[in-house]
Each structure stands twice: as structure tokens, then as C-alpha cells.
Amino acid sequence: MFRAATHGVTVDCYLALAQTLSPDQRVPLVPWRIGTWLSHARFRVRCWEDAELFRPQPLDSEKRTELGLPEGTVTFAEFDGDVADAEADSADVCTFWVDEELLQAIDAQARSGTAEVLQRWLFAEFVAAVLHRYSAATCGTSTPQERIDDIRESLIGRIVLLLADRNADGERLEALLHTCVKSPAEVLAIAQDRLRLRRAAVSSLKGQT
């Protein structure tokens, strides 16, 4: 699992009692039973491929003017190529611009709950932009023009693999690719679930003082 191409891994570490303490060793309000865990830490190992898939670029006033965007624009996906092109570099196909001040604020508070929610939301926005681009490129048809095996290395293919269940077979991947065409909004809902956006948002709000 530590060699996962797109999903990464979460490692939960527990420090627990290896044996039950004898009666004479027990202290009131102190754990004594075997298996009782004393501390817990969680580590998230992210994949290199995931990082390469989503690389937001700072959107400043000069870039807004160049792209013809209003001052209040927060995110903008600039496409240059086919999102289903397996030969193209994902970063070349889509440049995802994010307000420069927002990126700086997220970086300054990287460990905060708010920053975590914003990062997950930004990734969801990126996925939404790619999904709608792919759906629009099908020219109104209800089925994709490619098979998943042919576009695994493309931008849309990598997103499908990222959103699919880890044990998804070829048939389920094909079904998800079809849904990208027929109902991008449904796939975006799946992305929000995979990104645990709801939990992060609720936890962030509950943690406010």
C-alpha cells in the first residue's frame, strides 16, 4: 500500500499497554488493562502523482487582467489541450489559478482546520473544472469517446482513478468514466466524499471559538 500510485496512505499509530498490570502496580485513574491505548498519532503519506495532479498557481492582479477576469475571482481553470490526452502533461493541459493572497494565507496557517478545508475545497473546484471540460468535449453524446485503459495517464483518467474505490475493477472504472460524461455533478459529489470535505468543514466550524 505504500507504493500506491494515486491514493496515498494514512497510518494510525497507537501506543498501548502490552500487558495487564498487577494489582499492586495499579494507580487510580491510570490505565492498567492490556490493550488500552495511551496515545494516538495519525500520519498522511501523500503520493508524488497526487501532488503533480494539483498544483495551484498564484493569481494576482496582473494575471487577472491578462486573463480578463474580474477582481473578485478566486479560482480559474485555464485549459490548453485535451484533458483525455494520455500523452500530454497534466500541468500543461490545465493551469489552475488561485487567488495569490488566499494561497499565502493558507500557507501561513497550513496546520489550521480552516486551511485544511480550503485546500480540500480548492481541489474539489479543480476536479469540477476538469469534469465539466471533459463532459463538454463529448459534444453532447452520452458515452465517452475513449476507454479508461486508453486514457489512464491523461488528466481525466488520473482523476477517475483517484476518485474510484481502491478495489475498483475495469468495469467500475468504465462506469465512472461514463458518469463523468452524463452527470459531472454526480462525480463531483463523489469527489467531495473522497476528499472528506464535509467532515473537514464541520470540524473546522465546531472548532471555532
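In the predicted model, Cys 13 has a relative accessibility of 34% and is therefore classed as partly exposed. Cys 94, by contrast, is buried, because its relative accessibility is 6%. The number of disulfides is zero, where the criterion is a pair of cysteine sulfur atoms within 2.5 Å.

The protein contains nine helices and five strands. Of its 209 residues, 35% are buried. The accessible surface amounts to about 13300 Å², and carbon and sulfur atoms account for 50% of that area. When contacts between residues at least 6 apart in sequence are considered, 64% of them connect residues at least 24 apart.

Three strands are arranged in an open sheet with mixed pairing, in the order E3-E5-E4. From one strand to the next, the twist averages 35°. E4 and E5 run antiparallel and are joined by five bridges. Within this pairing, Ala 77 has Phe 96 of E5 as its bridge partner. Helix H5 lies across both E4 and E5, and its direction makes an angle of about 35° with E4.

The largest nonpolar core comprises 43 residues, among which Phe 126, Tyr 134, Leu 155 and Ile 156 touch the most other members. Two or more residues are contributed by each of strand E4 (75-79), strand E5 (94-99), helix H4 (100-108), helix H5 (113-137), helix H6 (155-163), helix H7 (170-182) and helix H8 (184-194). H5 supplies the largest share of this core, with eleven residues.

Helix H6 is mostly covered, with nine of its nine residues buried. The buried residues of H6 are Leu 155, Ile 156, Gly 157, Arg 158, Ile 159, Val 160, Leu 161, Leu 162 and Leu 163. The surroundings of Leu 155 were examined individually. With residues up to four places away in sequence left out of the count, Leu 155 touches Leu 53, Val 83, Ser 90, Val 93, Cys 94, Phe 126 and Val 130. One of these partners, Phe 126, is itself listed with Leu 155 among the core residues that touch the most other members, while another, Cys 94, is the buried cysteine described above.

Definitions and conventions: Residues numbered from 1 in each chain as written. Predicted model: local features only at pLDDT ≥ 70, side-chain atom pairs only at ≥ 80, totals over all residues. Heavy atoms only, no water. Buried < 20%, exposed > 50% of the residue type's maximum accessible area, 1.4 Å probe, protein only. Core = buried A, V, L, I, M, F, W, Y, C linked by side-chain atoms within 4.5 Å. Helix = DSSP H or I, 4+ residues; strand = E, 2+ residues; numbered from the N terminus. Contact = heavy atoms within 4.5 Å. Areas by Shrake-Rupley, 256 points an atom, 1.4 Å probe, with all protein chains shown as cover. Pairing = 2+ DSSP bridges. Axes fitted to C-alpha atoms, helices over the stretch in contact; angles between N-to-C directions.
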